[in-house]
Amino acid sequence: MTDNIISEAKRFIHFLRFCQDDDKDSWAFQENLKMSKHNDEPLLSIIEGNQPVFICEKMPPEHEPEGTESAEETSLNEEVSVKLEHHGIGPLPLSINKARQLLSWYTMSQNPNMAQLEGHVLHPLWVRCDMSDPAGTSWLGAETVYVGGKATAVKLYTVCCKGATADETSFMTMDQLKQEHQNRHHSSAVVIKGWAEYNLFCLVKEESLVIDSQSSVTATFRWTNVEKILETPPLSSVVTLQIKVTVGDIRSPMFQKFRELEFLLTLAEGLRTGEIEWLDLLETRSTVDLTRELIEGLENVANAVPGQNLKGSENQKSKTDSVLGFSSMLMERGDLDFTEQLWEKMRKSVTSYQDITDSLKLVIKAVRFGQIKPWVHRDSSSSLSRLIVQSYQQQVDAVPLTGLTPAIMLLELGLDKMRKDYINYLVGKELTTLNHLSYYLSSEVDLQEQVVRLKKLHHLLEILGTCSSFLSLPHERLFFFTQSCLQYYKTAPYNEEHVFEMQIKPAVISHFYHMEQPTSWAVEVSSGQGSREVKTSWHLSDKPLVDHVTFDSGLPLEVSLSAENEKTAYFRTLVCCSLVNFI
């Protein structure tokens, strides 16, 4: 019997060694077991940090063998080279007895006193369990403790879960949690830490509008000396905001600016692919009529009272066309030049390439024959701006408005205008300087790259709009946050899924969380130091922390935040650790 156990343990450890050295992410063992390598399992990342771990679970019902397999893999273990396909099936747990058997093999291999087994440094092993025991065990885990490169002990983890309830009398108390830790470790000195997470973005009430948004702003609190379960984080907590913003949210103060960007992106994509789907019109009149009206307006001004302020007249009508609204503050641009006014009219009315061509023909003709001498910004880089500047000296280059040239000229107008909009806000609000924006404002790179950089800048302003409008964060925090975001996007690709982080003081957002319930809350009791530190933790969460079991509960997973007295139903998770020394 003993020889058989050792033989099975050797085979299992040989398999783990192969997995640890292999480049793949998952393997099969004994036909019905799947082994994978992770460092991002949500619950285990709380326990293990970001180190890789082995996760063992039941093989999904459907899988396909790889078309080819190496001789090395076949000689090692014919099951190893099986390629696993989930086909939409989630992770499947093993029985408690099977999990204990796998962990016993792992522990035996790590024991230096087991001469029959060769010791190898292995990743921690975690096994999904079916919660069939009275404690509701959902995970069993093992992690070897090394001192001076030698295995001296093993930490054995147990994760037990229970379904959702809003009945706080069923929650474990702090005394019970400390006693649970004491029963396992007999330590007189313990450290108690707490953490909580609040979803701040969803706490903004929308009384008459239900909005499906992928944006999120969560606040994670960490503090020490927890006195009771579900206590509100103290003002001494360390708080980190995690901000993820998807552009185009109708609640965003940048929504109108997003619609302008949307047209610019559509135009850029059309130039790249040769095909374009024009957006819905925002203006009933034709592009040509609007352009002619703009030209005639300038002619009337030029023929009016001598010395009349042309710049002010050009912009009086269109000041409200470029508004950046953050919270109750509106930031207006009162300096739209001729090309920016033209862009505003064209983006709202263009339905074809011909519209663009006909409108630009009118403008260039009026400029060439001196009908108008419009004012343009000195730092404008568009082709049309250069033609207008040339007209001041009665020297206008010929521009053949054929092929994609008109669309390119219109895209240049949009890039010029929107960059100035963003400069106006960021520099005007003293959130950054022109030097820090140089990467985003460069017109030396090709047009498509300019579009990408403008898109990044817009994403940044969407994030700032959320922080400023919904959270009312102070200028100091916004300033440093702006610098970090600008630095990030200089090297990173555009990514709306990226989570930006910001450290703040709890008092800044106290009005959000003091009267609300957290989406998750946890407390940890720990003792020991270094690799021999052991922890016992209790977690409450509005969603289950395990994804391989189904909880029977009559309570809804989503709890309305508008009901003043309604309590959140929390799933309960207890994580225990035992330290077993090798004698």
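# Chatting through a predicted model

Trainee: Quick one to start: serine 472, buried or exposed?

Mentor: Serine 472 is exposed, at a relative accessible area of 51%. The cut-offs are under 20% relative accessible area for buried, over 50% for exposed, and partly exposed in between, using a 1.4 Å probe and protein chains only.

Trainee: What sort of model is this, and how are residues numbered?

Mentor: It's a predicted model, with residues numbered from 1 along each chain as its sequence is written. Local features need pLDDT of at least 70 and side-chain atom pairs count only at pLDDT 80 or more, while totals for chains, interfaces and linings use all residues, and side-chain values use heavy atoms, with hydrogens and water left out.

Trainee: OK, back to serine 472. Where does it sit?

Mentor: Serine 472 is in the loop between H14 and H15. Helices (H or I, at least four residues) and strands (E, at least two) are DSSP runs, numbered from the N terminus. Serine 472 also has a positive phi, about 55 degrees, although it isn't a glycine.

Trainee: What does cysteine 467 touch?

Mentor: If you skip neighbours within four places in sequence, cysteine 467 is in contact with Ile243, Ser472, Leu473, Leu478, Phe481 and Met502. Contact means heavy atoms within 4.5 Å. Cysteine 467 belongs to helix H14 (residues 447–470), and its relative accessible area is 0%, so it counts as buried.

Trainee: And how far is cysteine 467 from phenylalanine 481, going by C-alpha atoms?

Mentor: Their C-alpha atoms are 9.9 Å apart, and the two residues are 14 residues apart along the chain. Phe481 also turns up in a cluster linked by ring pairs, along with Tyr488, Tyr489, Tyr494 and Phe500.

Trainee: What about glutamine 483, buried or exposed?

Mentor: Glutamine 483 counts as buried, because its relative accessibility is 18%. Its place is in helix H15 (residues 475–491), and glutamine 483 touches Leu431, Thr432 and His436, not counting residues up to four places away in sequence.

Trainee: New topic: how many aromatic pairs are there in the whole structure?

Mentor: A search finds 21. One of them is the edge-to-face pair of tryptophan 126 and tryptophan 139, at 6.1 Å centre to centre and 80 degrees between the planes. The rule is that rings of Phe, Tyr and Trp (its six-membered ring) pair if their centres lie within 6.5 Å, and planes under 30 degrees apart count as stacked, over 60 as edge-to-face and the rest as tilted.

Trainee: Which strands hold those two tryptophans?

Mentor: Tryptophan 126 is in strand E6 (residues 125–128) and tryptophan 139 in strand E7 (residues 137–147), so the pair ties together parts that are 13 residues apart in sequence. Both tryptophan 126 and tryptophan 139 are buried.

Trainee: Why is the pair of phenylalanine 221 and tyrosine 513 called tilted?

Mentor: Because the planes of phenylalanine 221 and tyrosine 513 sit at 55 degrees, with the ring centres 4.5 Å apart. This pair links distant parts of the chain, 292 residues apart: phenylalanine 221 in strand E10 (residues 216–224) and tyrosine 513 in helix H16 (residues 510–513).

Trainee: Switching to helices: at what angle do H10 and H12 cross?

Mentor: Roughly 75 degrees, with the axes of helix H10 (residues 353–368) and helix H12 (residues 405–428) coming within 9 Å. Axes are lines fitted to C-alpha atoms, for helices over the stretch in contact, and angles run from 0 to 180 degrees between N-to-C directions. That angle makes H10 roughly perpendicular to H12. The cut-offs are under 35 degrees for roughly parallel, over 145 for roughly antiparallel, 65 to 115 for roughly perpendicular, and oblique for the rest.

Trainee: And which residues meet there?

Mentor: From H10 it's Tyr353, Ile356, Thr357, Leu360 and Ile364, and from H12 it's Pro406, Ala407, Met409 and Leu410.

Trainee: Last one: what percentage of the protein chain counts as buried?

Mentor: It's 49% of the 583 residues. The protein chain has 16 helices and 17 strands.
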